[in-house]
Amino acid sequence: MASSSLFNGERAVVLVFISRVLFSLPFSLLLHGLSLSLLALSAFVVEIRAETSASLSIFKTRPGASSGILLGAVTLPVVMLSKLIQLSRAFSLHEVAIEELQYSTVQYWATSASCLSVLVFIYIIMMRAPDGTQHPGSHCSLDAKFSLCGILICVVACGVSLLTTSHTGFIMILNLLWVLCHGLVAVKLIRHFLNTFPSCASIGEALLVTTGLALYFGDMLACTIVKAIGYISSSELVFAQYGIKRSEITTVIQGVILGLLLFPVIFKFVVQVWECSSRGYSEARTYNEIGRSFIFFAFLGVVLVVIIPSWMQFVNDFNLHPLLWVISFVFSEPLKRLSLCIYWVCVIYVSVLRFYNISKNSKIERILLRKYYHLMAVSMFLPALIFQPKFLDLAFGAALAVFLVLEIIRVWRIWPLGQPIHQFMNAFTDHRDSDLLIVSHFSLLLGCALPIWMSSGYNDRPLTPFAGILSLGIGDTMLLFFR
């Protein structure tokens, strides 16, 4: 009974997943495999401890959900290691440059450091009782020694790996500091996420999201720094060699998404300044909602039209304004791409209108209705992936940007759209969503988009881009019907 409780279905799947990747490792990536094994073992220990610890109750996680720490901690490192295996195979066949392999190595260690840092943070919380004292027992001392040894081994493995790709000790130290900064940022992000959005995610889900954000923001920052300091011709700096070599579509998506994620932080500061300046004026208080709405849309327009495109132009040297580049890209094949847009609009309009009316007037479970959206995703994305994969990349980014804007408007209750959007979105929510943050549509979109985005560039597995669409659109839906 004890062993069956330790190895449930989710942990068994994770074990098979990790084992399959480890068995595929070439000799040059043994250190990476060792660090992944230690990370998985540490996550397993932390998850077991979390099930019996009350210390994590300071974070209000999604009700009824398991902690998911093991799955959240190993998902991104396994994906990055799989990409490294693929690139090492391509490098041996002289199909990719060494710079791409080196850059992916730094990305892998940054991801692992982020996950390991969050695990250490969670473990420290669990080691302390609510009154601030440590839990008694010899097992705590044993766990602490094991954790310390595992961290030291991971740091040594990371240092050796970075030294072999950096050629000099100075560059190795820079890369190591860069990797450690990802860990610190991930810890800061997960604390902010769990405190700002209570009951919206499990710890594992929050870990996965914050690690991904730390990696994505880090990539953007590295690209910007390299462009700013002019190290493009340097043979020693990893980020200079490959970090800025990206397509225009990738730059557009990254700029828009990260700009919109940072937008609420800046908008909150602007609103606070405006409210302080208008305090004491009854007329200003009367038109507070209208004024805040005007500031929101005006500032959003400035961000989308001026600030974000300026960054895109800075890092990628577009021949024209990035928004004009997007328009020219769409109209470069107008018949195919505009036909796809019309098809998508028709499918979305018919499906949303139909299922919205059903959800309001029918007793059918909402989770069953939401599975039809998975099938709708297959009908929308599969033809585009086959015939227009680059355009689908851009379309995924545009859809994610629209979702972010609508969610920001809903959360902030921006007049006059905030309340109607909130009422509309509530028709499709269930017990897994909260009033504060609705993430189901983000999960579906990212589940379909990420395999496509991550398989860009060299890819010797032709079915990889279809993984998200088929597993979410068909596999997840069929699972529900066979219960």
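Predicted model: local features only at pLDDT ≥ 70, side-chain atom pairs only at ≥ 80, totals over all residues.

Tutor: The axes of helix α13 (residues 322–330) and helix α16 (residues 389–412) cross at roughly 140 degrees and come within 11 Å. Axes here are lines fitted to C-alpha atoms, for helices over the stretch in contact, with angles from 0 to 180 degrees between N-to-C directions. Helices are DSSP runs of H or I, at least four residues, numbered from the N terminus.

Residues are numbered from 1 along each chain as its sequence is written, and side-chain values use heavy atoms, with hydrogens and water left out.

α13 passes α16 in a left-handed crossing, meaning that the near helix is turned anticlockwise from the far one by less than a right angle. Val326, Phe329 and Val330 of α13 make the contact with Lys390, Phe391 and Leu394 of α16. Contact means heavy atoms within 4.5 Å. Five of the contact residues are nonpolar, none is polar and one is charged. Ala, Val, Leu, Ile, Met, Phe, Trp, Tyr, Cys and Pro count as nonpolar, Asp, Glu, Lys and Arg as charged, and the others, Gly among them, as polar.

Take Val330, in α13. Val330 is buried, at 14% relative accessible area (buried is under 20%, exposed over 50%, partly exposed in between, with a 1.4 Å probe and protein chains only). Not counting residues up to four places away in sequence, Val330 touches Arg337, Leu338 and Phe391.

Now the wider setting. The largest nonpolar core has 63 residues. Such a core is a set of buried Ala, Val, Leu, Ile, Met, Phe, Trp, Tyr and Cys residues joined through side-chain atoms within 4.5 Å. α16 gives the most to this core, with eleven residues.

Asp317 sits in the loop between α12 (288–316) and α13. Asp317 has a positive phi of about 55 degrees, although it is not a glycine. Pro416 is in the loop between α16 and α17 (418–426). The peptide bond from Trp415 to Pro416 is cis, with omega near 0 degrees.

Methods: Helix = DSSP H or I, 4+ residues; strand = E, 2+ residues; numbered from the N terminus.
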